[in-house]
Amino acid sequence: MSNLAAIGTALPSCLVLMVFGLFFPLWMGAYVVTTTDLLLGLEAQLTCALVGIAIGVLCSRLVFKRQGYALAAALALVMGALFTKGMPPVNRLSP
C-alpha cells in the first residue's frame with residue numbers, strides 16, 4: 001500500500017474522531033463554549049491528527065523494513081513531539 005493510500009485512509013478517520021472529540025464533551029456536560037473555543041479545539045485536534053499521520057508516514061514499511069526499528073522510531077518521534085516546547089495549541093506539559 002502506498003503512503004498516499006495510507007494518508008487517504010487516515011485523514012477521514014481523523015476527521016470523524018475530531019468531530020466526535022469536539023462535540024461529545026459539549027453533549028455530555030453543561031459548558032459555556034464560544035466560537036473561539038471551538039476553533040481552538042479544532043486547531044488543536046487537527047494539529048495532533050496531522051502530526052500523528054506524519055509520524056506514521058515516516059515510520060512506514062517503505063522507510064523502515066524492520067518493524068522493531070519502526071516502533072522505536074515512532075516512540076522516539078512521539079516523545080519528541082510530546083515534550084517539544086512551544087508547540088501550541090497542543091503541548092501543555094512543559095513549563
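The crossing of helices α2 and α3 is right-handed (the near helix is turned clockwise from the far one by less than a right angle). The model is predicted, with local features requiring pLDDT of at least 70 and side-chain atom pairs pLDDT 80 or more, while totals for chains, interfaces and linings use all residues. Residues are numbered from 1 along each chain as its sequence is written, and side-chain values use heavy atoms, leaving out hydrogens and water.

**First stop: the α2 and α3 pair**

Select residues 35-58 for helix α2 and residues 67-82 for helix α3 (helices are DSSP runs of H or I, at least four residues; strands are runs of E, at least two). The two helices pack at an angle of about 155°, and their axes lie 10 Å apart (axes are fitted to C-alpha atoms over the stretch in contact, with angles from 0 to 180 degrees between N-to-C directions). Helices α2 and α3 are therefore roughly antiparallel to each other (over 145 degrees).

Next, display the side chains at the contact (heavy atoms within 4.5 Å). From α2, select Val-51, Ile-55 and Leu-58; from α3, select Ala-74, Leu-77, Val-78 and Ala-81. Colouring this contact by residue class shows seven nonpolar residues, no polar and no charged (Ala, Val, Leu and Ile are among those counted as nonpolar).

**Second stop: the aromatic residues of α1**

Move to helix α1, residues 3-28, and select Phe-20 and Phe-24, which lie four residues apart, about one turn of the helix. The search of the whole structure finds two aromatic pairs (ring centres within 6.5 Å; planes under 30 degrees apart are stacked, over 60 edge-to-face, the rest tilted). The ring centres of Phe-20 and Phe-24 are 4.9 Å apart and their planes stand at 25°, so this pair is stacked.

Together, Phe-20, Phe-24 and Trp-27 form one aromatic cluster.

Show the surface of these residues. Phe-24, at 35% relative accessibility, counts as partly exposed, and Trp-27, at 67%, counts as exposed (buried is under 20%, exposed over 50%, partly exposed in between, with a 1.4 Å probe and protein chains only).

**Last stop: the whole chain**

Select the entire chain, which has three helices and zero strands. From the N terminus on, the elements run α-α-α. Of the 95 residues, 14% count as buried. Among contacts between residues at least 6 apart in sequence, 42% join residues at least 24 apart.

Terms used:
Angles under 35 degrees count as roughly parallel, over 145 as roughly antiparallel, 65 to 115 as roughly perpendicular and the rest as oblique. Rings of Phe, Tyr and Trp (its six-membered ring) pair if their centres lie within 6.5 Å; planes under 30 degrees apart count as stacked, over 60 as edge-to-face and the rest as tilted.
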